[in-house]
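Let's walk through this one together, one question at a time. Have the viewer open as you read.

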Amino acid sequence: MSLINKMLQDLDARGGAGDDALRQQQLHGVGGQPRDRRPLAIGGALVLTAVGATASLV
């Protein structure tokens, strides 16, 4: 028997999600901060430059 199955059976034997368990309605997403896209743009420019330089050598 796999470890995961054994753990699931142990959880079922203990009663699974009892009254003290966190309910699905209590869960909510966390607002994310807007990401700075400059590193992505700089990295893309570097990749394009490298590809262009390599292509010009061939």
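A nonpolar surface patch of about 290 Å² is made by Ile4, Leu8 and Leu11. Patches take residues with over 30% relative accessible area and no salt bridge, joining like charges within 9 Å and nonpolar side chains (Val, Leu, Ile, Met, Phe, Trp, Tyr) within 5 Å. This is a predicted model, where local features need pLDDT of at least 70 and side-chain atom pairs pLDDT 80 or more, while totals for chains, interfaces and linings use all residues. Residues are numbered from 1 along each chain as its sequence is written, and side-chain values use heavy atoms, leaving out hydrogens and water.

Q: Is Leu8 buried, partly exposed or exposed?
A: Leu8 lies in helix H1. Buried means under 20% relative accessible area and exposed over 50%, with partly exposed in between (1.4 Å probe, protein chains only). Since its relative accessible area is 47%, Leu8 is partly exposed.

Q: How many residues of helix H1 are buried?
A: Helix H1 covers residues 3-13, which makes 11 residues. The helix lies largely in the open, because the number buried is zero.

Q: What share of the protein chain counts as buried?
A: The chain has two helices and zero strands. Of the 58 residues of the protein chain, the buried share is 0%.

Q: Which residue forms a salt bridge with Asp36?
A: Side chains of opposite charge can pair when their charged atoms come close. A salt bridge here needs a side-chain nitrogen of Lys or Arg within 4 Å of a carboxyl oxygen of Asp or Glu, and the structure holds one. Asp36 is partly exposed at 46% relative accessibility. With the closest N and O atoms 3.0 Å apart, its partner is Arg38.

Note on methods:
Helix = DSSP H or I, 4+ residues; strand = E, 2+ residues; numbered from the N terminus. Areas by Shrake-Rupley, 256 points an atom, 1.4 Å probe, with all protein chains shown as cover.
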